[in-house]
Amino acid sequence: MERWERLSAPRGLVARSSIAAVLFTVAVLPGWTLGDLAEHRTGQPVLDWLITCGWSGLAVAVCAPWCSYRRRDGWLGAVPLYGWYLLGVLTWRLALLPYRDWEPRRDELWRARWLTGDLLGYWRSDPPAARAVTGVRRPAAARRTR
């Protein structure tokens with residue numbers, strides 16, 4: 001077990017709820033504000049909905065890969081009201097990272113591990129290394145064999 005794993009613990013309910021609420025506000029409020037400004041300038045309420053829902057879809061597309069969703073789920077984030085629900089789920093999950101209390105997708109299982117001991121019930125899924133480990137390079141002056 002690495003040193004950072006021994007010292008860290010999952011966030012409590014109050015801390016996680018507070019972080020999720022702040023993340024949700026940061027994700028929704030700019031789109032809502034821009035939509036209201038556009039409606040005030042043009043007088044078209046449909047433009048308000050388009051901007052607000054488009055911003056919500058963009059926020060879902062940005063948050064989705066961190067929370068076991070696909071980036072293309074951003075299209076679902078653009079659906080009125082459902083996008084805010086989906087954003088609520090994503091911000092709730094983001095607030096717990098680097099621990100997870102949800103099961104990873106099948107394509108994430110190769111880098112996820114089930115934690116034991118005091119952290120039983122949580123998953124840990126660290127992002128892949130920035131640079132892949134490569135094999136030994138062939139020396140430039142080496143003689144080629146046939």
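1. Let's start with a cut-off: a residue is called buried when its relative accessible area is under 20%, exposed when that value is over 50%, and partly exposed in between. Asp73 sits at 8% relative accessibility, so it counts as buried. Keep in mind throughout that this is a predicted model.

2. Where is D73 along the chain? It belongs to the loop between α3 and α4, the latter being residues 74-77. Leaving out residues up to four places away in sequence, D73 touches V60 and L86.

3. D73 also has a charged partner. Its side chain meets that of R70 in a salt bridge, at 3.7 Å from N to O. A search of the whole structure finds one salt bridge.

4. Is L86 buried or exposed? Its relative accessibility is 1%, so L86 counts as buried. Setting aside residues up to four places away in sequence, L86 touches V60, Y69, D73, L76 and G77. V60 therefore turns up in the contacts of both residues, given that contact means heavy atoms within 4.5 Å. As for S56, it is 30 residues from L86 in sequence, yet their C-alpha atoms are 9.3 Å apart in space.

5. Next, helix α2, which runs over residues 13-42. Just after the helix, G43 takes a positive phi of about 80 degrees.

6. Which residues of α2 are buried? They are R16, A20, A27, V28, G31, G35 and A38. The buried residues of α2 pack against α3 and α5.

7. There is a greasy spot on the outside worth a look. L34, L37, W55, L58 and V62 form a nonpolar patch on the surface, together holding about 460 Å² of accessible area. The elements that give two or more residues to this patch are α2 and α3 (45-63). Of the contributors, α3 gives the most, with three residues.

8. Finally, the overall picture. The protein has five helices and three strands, and from the N terminus on they run α-α-α-α-α-β-β-β. Of its 146 residues, 30% count as buried. The protein exposes about 10,700 Å², and carbon and sulfur atoms supply 62% of that. Among contacts between residues at least 6 apart in sequence, 51% join residues at least 24 apart.

Key
Residues numbered from 1 in each chain as written. Predicted model: local features only at pLDDT ≥ 70, side-chain atom pairs only at ≥ 80, totals over all residues. Heavy atoms only, no water. Buried < 20%, exposed > 50% of the residue type's maximum accessible area, 1.4 Å probe, protein only. Patch = residues over 30% accessible without salt bridge, like charges linked within 9 Å, V, L, I, M, F, W, Y side chains within 5 Å. Areas by Shrake-Rupley, 256 points an atom, 1.4 Å probe, with all protein chains shown as cover. Salt bridge = Lys/Arg side-chain N within 4 Å of Asp/Glu carboxyl O. Helix = DSSP H or I, 4+ residues; strand = E, 2+ residues; numbered from the N terminus.
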